[in-house]
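Hi everyone, thanks for coming.

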Amino acid sequence: MQLLDSSQPLRSTCPYCGVGCGVAVNQDAAGIQLVGDPWHPANFGRLCSKGSALAETLEHDGRLLHPLVDGQRTSWDEALERVADGFSQIVAAYGPDAVAFYVSGQILTEDYYVANKLMKGFIGSANIDTNSRLCMSTAVAAHKRAFGADAVPVCYEDIEQADLVVIVGSNYAWAHPVLYQRLAAAKKSRPDMQVVVVDPRRTATCDIADLHLAIAPGADAYLFNGLLHHLRREDALALSYVEQHVEGFATAFEAARAVGSIPKVAQVCGVPESQVGEFFRMFARTERTVTIFSQGINQSSSGVDKANAIINVHLATGRIGKPGMGPFSVTGQPNAMGGREVGGLANQLAAHMDFSDAENIELVKRFWNAPNIARQPGLKAVDMFQAIGSGRIKAVWIIGTNPAVSLPDADKVRAALMACELVVVSDCVRHTDTTACADILLPAAGWGEKDGTVTNSERRISRQRALLPAAGEARPDWWIISQVAQRMGYAEAFDYTKPAQIFREHARLSGFENVPDFRSGGQRAFDIGALAALSDAEYEALQPVQWPVNSASPQGTQRLFADGQFYTPNGKARMIAVAPRLPAVVTDSDFPLVLNTGRIRDQWHTMTRTGKVPRLSAHSYEPYVQVQAEDAQRYRLQDGGLARLTSRHGSMLARVQVSDDQRPGSVFVPMHWNDAFAKAARVDALVAPITDPISGQPESKHTPVRVAPYRPAWQGFVLSRKRLELPDTSYCACSRGTGYWRHEIAGEMLPGEWRDWVQGAENDAGEWIEYRDAAMGRYRAACLQDGRLEAVFFLAPDQRLPEREWLSSLFGQAILQPAELAGLLSARPPLGAVSDTGRIVCACFSVGAKTIANAIQTQGLGSVEAVGACLKAGTNCGSCVPEIRRILEKHAGEQCA
Ligand SMILES: Nc1nc2c(c(=O)[nH]1)N[C@H]1C(S)=C(S)[C@@H](COP(=O)(O)OP(=O)(O)OC[C@H]3O[C@@H](n4cnc5c(=O)[nH]c(N)nc54)[C@H](O)[C@@H]3O)O[C@H]1N2
Ligand SMILES: Nc1nc2c(c(=O)[nH]1)N[C@H]1C(S)=C(S)[C@@H](COP(=O)(O)OP(=O)(O)OC[C@H]3O[C@@H](n4cnc5c(=O)[nH]c(N)nc54)[C@H](O)[C@@H]3O)O[C@H]1N2
Ligand code: SF4
Ligand SMILES: [Mo]
């Protein structure tokens, strides 16, 4: 692989989370080297485990390399023609609302702008929605209600400058690792700084928490209403600020008072009174407070109200617009913000304008010279897929997202796509659960191959730059969409030849008939008018900058609302009267547990990129369900056994992890696994398609389920150089190791003869050795070729199987030694071999839990730093530090040195 320019480090932005870290990429004799960009203001050189493994995702294996129509390779011309014709014909026959785009917070602003313009200005429907509906739409709606615009008040420095950081419904340590590290470093240097975590689970984020409120699922609005009431009683409000800059206080306060005082709040939140009291007192006495919130708030049927209950306490205390304070909705995807800026949600129009104002519609129509401007909001994601299912929408183009995995009620979503007349999917990857439903597949250029901009959580616009030539015939999304638009008859409005041209148009629209200073009548917060005149060279060299960037703030804007003026008609912020509600569907005797879902440390969403990287797949290699110990007992679930989870909508299988991090009555399952990596492991098949009435965001965190032990006829694992298609398994989870694939499997049907089954799966003409214990139902086999290990199979009637670590290490060898061969089928390493490292904790240096525990015990290590000095674990990206500390806590006092 050869960089486009290897004479100097190329700078770009990480394509994963909304922290938006800068990266610098170089090439030397050893290959492509990628490090954190020391100059980028989001990360100052830091990267997390995912970011630091980016270079390992660049190989072309698994990529979609050519356009495919009905599974057959075609030319771009043919494929684009087919898409344009398909959409045009359906629009002509059934009207523009019979088609839809479903796009993503992972495409670049330029891609997003073009897709939105085509649907809303030219096709004439607002049926373009995005996976941000599942992610940030709640925060968008709450910001608009409170501030009159979707504008994030704070910047990253505020987190470091705060004296109290409240983290609500966010597993910051795993989902925004570099920001978490900035916070952890600030707390270390200022130990008086306090951190409170509000989350039903004990997460890695609790590592630095002074207080963890393990709140009952969905109860957050009671907590924040209770806080508002408490602040009033304690005379801790900024009443003169409220007087001058806020409206709606009286009704918001009345609603809050209904929640009652601390004992009542504690009861409904399921948290000890003392903890609620402690939190309220901390909040009351600490002026510099930042409240971070994320999917534990947003993904809820009352998410908008919850977010406003949080914003209310900041407005009532005047803690906004000043250093070290403010409500902070952190964004998930790298360009969640960019999508909001172009107006890519179905209820937005463009550049912070929506359909509520006829003048805005005329303004956008004039600017685009649009023949068919949409005048009504389109369908939000969940409704859009229901309309696809009912046949109301007949053609859909999916760009940069994997809805067959990530939307609620995912089995229905998949069925809807299978039945839809025309499904076009643009992706970088050939085989995903969604590409499996497509009629036409368009190969998109991936990260490192395309140029454009993204906006991070603190409104900072950064460049993603092309580092490498595109794989195969892949093309950037903006190009693909523009080509289709041209073929639909809109040649002039979509004659784009480069992203800089699109960016300039987008910047111009943001400033079009907008007054740079909103205090003198400008209405739109999003204004980057000052960037409209960038030359191509200036765009190429664009440095990270925070919007607004206009004639009033040509260098960008670090913090909003410093002067207490908001984007509402009278300039005042609005407090909202919130009547708290619990999750829409409650548990009952059939479905007695609450299913909570979310992220793990080293995987990104549906794993299309992170799943390719061995060191990111070692920390968690199987879908799992975390269950609290008494619940495990009650439902007869065994740690390490398999379980079936069932809701009213679907079911799945997962490995049981018994853990006291979990609240009784609540279970947690990662959102990541899907058919491309597992069998029967899509958690969204279970999630109810219930949404917030204002934002349309699904309640992905609180689905009632039951969990029962799953006892298959046999279980086993296969380690193999190739990825295998295994016959007759009811459960399978594949993960990539260094030089091999790991398959954890289970099945209902015992094959007549294991040898045939095994050799049918690994159909290489190798040399086979086998061991069978018919009485115990155990079978083991290995395939070798010229002394090199090709595959091992371990099959048993239950989960009692040997550790995989030593066996996997044998794939690193060209020839097995006699002692290794002798121990192979008993999984017994020769004396002195590194055998069982345990589950990998440190992804950067591949250090396992058992190695760490062992070093703590034998060498008397007493701190994270000591573990780092001894094993290197935790010394690179730092993502594993919370886990190392927990291992230390567990083994404290066991030292035998
Ligand atoms: N490693 C990794 N990082 C990522 C991503 C990834 O896929 N992998 N994805 C990115 C994206 S797109 C997003 S949106 C962000 C999401 O980032 P986060 O929102 O931090 O991640 P989640 O794990 O979805 O959920 C956060 C927490 O909400 C808690 N929660 C559940 N119910 C409740 C409740 O009722 N109240 C409260 N207070 N908490 C609750 C969960 O237990 C969970 O710990 O992460 C981004 N970063
Ligand atoms: N149960 C449950 N469900 C959830 C969530 C949850 O917490 N719980 N979280 C929700 C949230 S917050 C989010 S953001 C979604 C995420 O869910 P998705 O968006 O469905 O997940 P990804 O795996 O990120 O999908 C991105 C796809 O785009 C492809 N891709 C990458 N780069 C490009 C590009 O440049 N161009 C194109 N055309 N394709 C590209 C990738 O290969 C991949 O197939 O999941 C949501 N679903
Ligand atoms: S925190 Fe990690 S995933 Fe997020 S942008 Fe930075 S390096 Fe990428
Ligand atoms: Mo997200």
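Before the tour, one term: a residue is called buried when its relative accessible area is under 20%, and exposed when that value is over 50%, with partly exposed in between. Also keep in mind that what you see is a predicted model.

Trp-714 has a relative accessibility of 1%, so Trp-714 counts as buried. Trp-714 belongs to strand β30 (residues 714–720) and Trp-757 to helix α24 (residues 754–761), so the pair ties together parts that are 43 residues apart in sequence.

In case those two values were new to you: a pair of aromatic rings is described by how far apart the centres are and by the angle of the planes.

How many aromatic pairs does the structure hold? The count is 29. Another one of them is Phe-87 with Trp-397, which is tilted, with 6.4 Å from centre to centre and 55° between the planes. Here the pair links distant parts of the chain, since Phe-87 is in helix α2 (residues 76–94) and Trp-397 is in strand β16 (residues 395–399), 310 residues apart. Are these two buried or exposed? Phe-87 has 1% relative accessibility, so Phe-87 is buried, and Trp-397, also at 1%, counts as buried too.

Rings can also join up in groups. Phe-122, Tyr-490, Phe-494 and Tyr-496 are linked by ring pairs into a cluster. And rings can have a charge over them: the charged end of Arg-201 sits over the ring of Phe-668, 3.7 Å from the ring centre. Arg-232 does something along those lines with Phe-253, lying over its face at 4.6 Å from the ring centre.

Okay, on to the ligands. Ligand 1 has 35 residues around it, and Asp-199, Gly-218, Ser-294, Arg-599 and Gln-603 come nearest. Which backbones make polar contacts here? A backbone N or O atom of Asn-171 is 2.8 Å from an oxygen atom of ligand 1. A polar backbone atom of His-605 lies 3.0 Å from an oxygen atom of ligand 1, and one of Gly-169 lies 3.3 Å from a nitrogen atom of the ligand. On its own, ligand 1 has 920 Å² of accessible area, and the protein covers 100% of that. The elements giving two or more residues to this shell are α6 (172–175), α13 (295–298) and β23 (593–598). By type, the shell splits into 11 nonpolar, 17 polar and 7 charged residues.

Next, ligand 2. Around ligand 2 there are 32 residues, and the nearest are Gln-106, Ser-406, Asp-427, Thr-606 and Asp-684. Two of those names come back when we look at side chains. An N or O atom in the side chain of Thr-606 is 2.5 Å from an oxygen atom of ligand 2, and a polar side-chain atom of Ser-406 is 2.6 Å from an oxygen atom of that ligand. Ser-426 uses its backbone: a polar atom there is 3.0 Å from a nitrogen atom of ligand 2. How much of ligand 2 does the protein cover? It covers 98% of the 910 Å² of accessible area that ligand 2 has on its own. The shell around ligand 2 has 10 nonpolar, 15 polar and 7 charged residues.

Ligand 3 has Cys-14, Cys-17, Cys-21 and Cys-48 among the residues around it. Helices α1 (49–52) and α7 (177–189) are the elements that give two or more residues to its shell, which divides into 8 nonpolar, 2 polar and 1 charged.

Last stop, the backbone. Most residues other than glycine have a negative phi, and most peptide bonds are trans. Now look at Glu-513: not a glycine, yet its phi is positive, about 50°. Glu-513 is in the loop between α21 (499–511) and α22 (536–540), and at 43% relative accessible area it is partly exposed. And the bond joining Trp-547 and Pro-548 is a cis peptide bond, with omega about -5°. Find Pro-548 in the loop between β21 (545–546) and β22 (573–574).

Notes
Residues are numbered from 1 along each chain as its sequence is written. Chains are lettered from A and ligands numbered from 1 in the order in which they are written. This is a predicted model: local features need pLDDT of at least 70, side-chain atom pairs count only at pLDDT 80 or more; totals for chains, interfaces and linings use all residues. Side-chain values use heavy atoms; hydrogens and water are left out. A residue is near a molecule or strand if one of its heavy atoms lies within 4 Å of it. A polar contact is a pair of N or O atoms within 3.5 Å; within protein, one must be able to donate a hydrogen and the other to accept it, and residues adjacent in sequence count only if both atoms are side-chain atoms. Accessible areas come from the Shrake-Rupley method with a 1.4 Å probe; for residues, only the protein chains shown count as cover. Ala, Val, Leu, Ile, Met, Phe, Trp, Tyr, Cys and Pro count as nonpolar, Asp, Glu, Lys and Arg as charged, and the others, Gly among them, as polar. Rings of Phe, Tyr and Trp (its six-membered ring) pair if their centres lie within 6.5 Å; planes under 30 degrees apart count as stacked, over 60 as edge-to-face and the rest as tilted. Helices (H or I, at least four residues) and strands (E, at least two) are DSSP runs, numbered from the N terminus. Buried means under 20% relative accessible area, exposed over 50%, partly exposed in between (1.4 Å probe, protein chains only). A charge sits over a ring if NZ of Lys or CZ of Arg is within 6 Å of the ring centre and within 35 degrees of the ring normal.
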